[in-house]
Amino acid sequence: MITRLIGMAFGLLALAASAQDRPAVREAEQQVRAQFVYNFANFVEWPDDAFATATAPIKICLFGEVDFAPYLYSFSGTRIGDRPLSVQKADEIEQIRAGCHILYVGQDERVRLPTFWQEIQYIYVLSIGDRQGFADKGGIINILRTRDRVQFDVNIENALLNGLFLDSDLLALARVIKRNTGP
Amino acid sequence: MRSIWRYRDLPIQRKISLIIVIGMASAMIVTVANFISFDRENVKRDLGEEMRVLARITAARSAVAVAFGDRSNALENLTALSLRSTVQHACIYDEQQRLFARFQRKESPFGTCAEVLDYRDGRRRESGEHLLEVVEPIFRKGQRLGYVLVASDLSPIAERTRKWIVTSGFVTIVALLVAFLMTRRLQRSVVRPIIDLANVMDSVRRSNDLGLRAMAQGRDETGRLVDSFNEMLEIIEKNNRDLQMLYRGLVEKSAEAEATAASLELRNQQIKDLFGSAAHDLRQPLQAMSIFVQTLQKRIQDPDQLAIVDKLRQAQQNLSSLFNEILDVSRYEFDLTVAGTQPVSIKQLLNKVFLEFDAIAQEKGLRLRFHSCDYRVLAHGALLERIIRNLLSNAIRYTDKGGVLLGCRRRGNRLAIEVWDTGRGIPQHMQSEIFSKFVQVSDEDRETRGGFGLGLAIVKQFVDSLGYSLTVGSSVGRGTVFRLVVPLVDEPQRPRREILATPVQPAPEARLDIATASLASLQEQEETRILLIDDTESVRHALKLTLTEWGFVVNDFADISAMEAFLRQGGAVPDLIISDFELGPEDTGDQAIAVARQVLGTEVPAFIVTGAEDEAVWQRIRATGLATLRKPVKPARLRAMINHLLR
């Protein structure tokens, strides 16, 4: 089902190369982004310490406003290995602090970023955003749109700092693999 | 069928080689076929395993690409498979088994992946003859994301199989060759003795040399066979030797027997000739002796001397009759060949003989009985009479008391004429010999009973020449029976005609002719004068001698003129002229006779004696119309001719 969507999305993307602002195209792109987020949960390894129990759910927290959230919710409850996937909204910092494995930072929270990372001070969190420079400014994965397709950048250093292992195959798909150039 | 026959005709060595080669070849073919199929299965399984591993690795690496829908990355992963040369195509399908990414080797002769995979778990994917397809699902954290299909070409297996077949074929040929060469040496020990044996058998058969032997090698079955063959040859050789010795012995004996027979024959002939020539030459002196004895008997008055002369006369008569017997043999035989057999009344014949011998028997104190019968037999009358006479005289001679019986009885179409006596009998071992000449039961008989043992031999000769059979039965001390079997004449008997038909018995006449060399005839001969002309002196002398011995007076001349002179000077008138035909270069016998007749003025009887062989001369002789005798002249002929012309 998922791959079918992806296929549709790719097909639509190809068609919408010159008319990206059409609602149908946007919708497809949103589906693809939701799919991407879901896929990252599959290809990232969290250490056992990140979970309370062996079957504890992988939590996806949506911080700020996320336009593809409805699509993502549909993945909620699906299993990744032994763990179920849980998608929830987290508008407050406290909610994040309660424990998130994947944190998607919406567009509207972009301004808070520099201080945001200090505020959470929390490891084992795969942070995903879709803004320019998100991976340079403390984020791990930045989903972005190139001319004809949806791709992503990875800051592997940030991932390692957060105690996460990214699948090598995943890295092979990344458009750019970044490191922090300075303090 | 034909190939089987051909196989049977193969030499034994080829057969064994063929068996070894065929056996080894089939064993190797089975082994190689088994090995190849095993290897092929193994290789196929290994290839399948390898493809599965490759598919699995590709599946693991391609999970992300499928998840993120990154076809280029997926294709990249599939393209990596091209390093494996057998991989012809490889594809990735999504979760719905729709084609996601496809790798196709450019030069692949096989088709490409299907648009829809149509794969179910637990079901082994069917592989074609030349293409092996392996499908592995793509799993990520327990979730199926899609499938990887890898298709491998099976041609390397076929290639490998082909190589194996070629290699093993080559190895098989080499192995067969090695086996053939090795076993050739080995089987020589098996086959060689058999071939040798066959060769020896052949040469024995060809050369017939039983001294040949086959060489035995080892104590196996072949060795025993060779030994048995040699033993057999030995036995045959030994038997052959024995047989040859026996054969040689037989040949020698047979040669001896032949030599004996030849010498006996010669002796027989000599005796015959002796008697033949002697008889005639001796007859005249004998007859003269008879005349002189009779003359002497008349003149002597002294009783003592008369008794001696009487005995002399007796002896002379015995001698005469013996002579007659001997002469009769040849005379009757000649007669028989001329006249043949005729129907003869047996009753008359027997009656006559009986009467003759009755007196003799009575004289000896014996009783002669006679059982007559009335049949006609096929016979030469004189000969038959002579036979019976001899048998009867024998019976009387050897019987001292009792009697003699002459009888006849019919046996089918034959008549048995039997002479029984109560004499001393003939021992069994003598019975077959008594018919030989000069054999008598005991030597003393020659003196006491007279005869020289010729009687039965002559009888036997007569019987044989007439084609009759003569048998003897006897028991010593009791008597003897001679049985003569004579063929009957088929026609019914008629007594009247029988008497009329009875032929004139020539025997008494003949006896008169020869036996009674009476004084009268002798006187007559004394006065008979013969004129003999022959230019060959030796012949003339011999003839003269003979004629003189016969009692004739002979005047002999070498040519016509001498004879003519003798006659003109008043020489005695001849009663007969005998002349050679060729008297010198011009004169001939007929001329001599003509001259003599002319001088004498009477037709004196004459005949020609000639040794001429030339047919032309004979024609001339015949033309003269004179009787002719051919030289050398036999005395009997000469005598007969003289008698005939003087009659």
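Chain A has seven helices and 10 strands, and you are looking at them in a predicted model. Of the 183 residues in chain A, 36% count as buried. If you take the contacts within chain A between residues at least 6 apart in sequence, 60% of them join residues at least 24 apart.

From here, let us cross over to chain B. The contact between the two chains draws on 17 residues from chain A and 16 residues from chain B. On the chain B side, helix α2 (residues 12–67) supplies the largest share, with six residues. Sorted by class, the side of chain B that touches chain A holds six nonpolar, six charged and four polar residues.

The largest nonpolar core has 79 residues, and the members that touch the most others in it are Ile102(A), Leu149(B) and Val150(B). What does Val150(B) touch, leaving aside residues up to four places away in sequence? Its partners are Met51(B), Leu54(B), Ala55(B), Leu81(B), Val87(B), Ala90(B) and Val134(B). There is also a second, separate core of 40 residues, which includes Leu368(B), Leu392(B), Leu456(B) and Phe482(B).

Helix α8 (residues 381–397) of chain B and helix α10 (residues 455–466) of chain B have axes that come within 10 Å and cross at roughly 150 degrees. Angles over 145 degrees count as roughly antiparallel, and α8(B) is therefore roughly antiparallel to α10(B). The crossing of α8(B) past α10(B) is left-handed. From α8(B), the residues that take part are Leu383(B), Arg386(B), Ile387(B), Asn390(B), Leu391(B) and Asn394(B). They meet Gly455(B), Leu456(B), Ile458(B), Val459(B), Phe462(B), Val463(B) and Leu466(B) of α10(B). Within this contact of α8(B) with α10(B), nine residues are nonpolar, three are polar and one is charged.

Helix α15 (residues 560–568) of chain B packs with helix α16 (residues 589–600) of chain B at an angle of about 15 degrees, and their axes are 10 Å apart. Are α15(B) and α16(B) roughly parallel or roughly antiparallel to each other? Angles under 35 degrees count as roughly parallel, so α15(B) and α16(B) are roughly parallel to each other. The crossing of α15(B) past α16(B) is right-handed. On the α15(B) side the contact is made by Ile560(B), Met563(B), Glu564(B), Leu567(B) and Arg568(B). Helix α16(B) answers with Gln591(B), Ala592(B), Val595(B), Ala596(B), Val599(B) and Leu600(B). The contact of α15(B) with α16(B) comprises eight nonpolar residues, one polar and two charged.

Finally, two backbone details in the loops of chain B. Asp118(B) has a positive phi of about 60 degrees, although it is not a glycine. Asp118(B) sits in the loop between β2 (99–104) and β3 (131–140) of chain B. Is Asp118(B) buried or exposed? A residue is exposed if 12 or fewer other C-beta atoms lie within 10 Å of its own, and Asp118(B) counts as exposed because it has 11 C-beta neighbours inside 10 Å. Asn208(B), also a residue other than glycine, has a positive phi near 60 degrees. You will find Asn208(B) in the loop between α4 (155–207) and α5 (221–299) of chain B. With 9 C-beta neighbours inside 10 Å, Asn208(B) counts as exposed.

Methods: Residues are numbered from 1 along each chain as its sequence is written. Chains are lettered from A and ligands numbered from 1 in the order in which they are written. This is a predicted model: local features need pLDDT of at least 70, side-chain atom pairs count only at pLDDT 80 or more; totals for chains, interfaces and linings use all residues. Axes are lines fitted to C-alpha atoms, for helices over the stretch in contact, and angles run from 0 to 180 degrees between N-to-C directions. Helices (H or I, at least four residues) and strands (E, at least two) are DSSP runs, numbered from the N terminus. Angles under 35 degrees count as roughly parallel, over 145 as roughly antiparallel, 65 to 115 as roughly perpendicular and the rest as oblique. A crossing is left-handed if the near helix is turned anticlockwise from the far one by less than a right angle, and right-handed if clockwise. Two residues are in contact if their C-beta atoms, placed from the backbone, lie within 7 Å. Ala, Val, Leu, Ile, Met, Phe, Trp, Tyr, Cys and Pro count as nonpolar, Asp, Glu, Lys and Arg as charged, and the others, Gly among them, as polar. A residue is buried if 20 or more other C-beta atoms lie within 10 Å of its own, exposed if 12 or fewer, and partly exposed in between; C-beta atoms are placed from the backbone. A nonpolar core is a set of buried Ala, Val, Leu, Ile, Met, Phe, Trp, Tyr and Cys residues joined through C-beta atoms within 7 Å.
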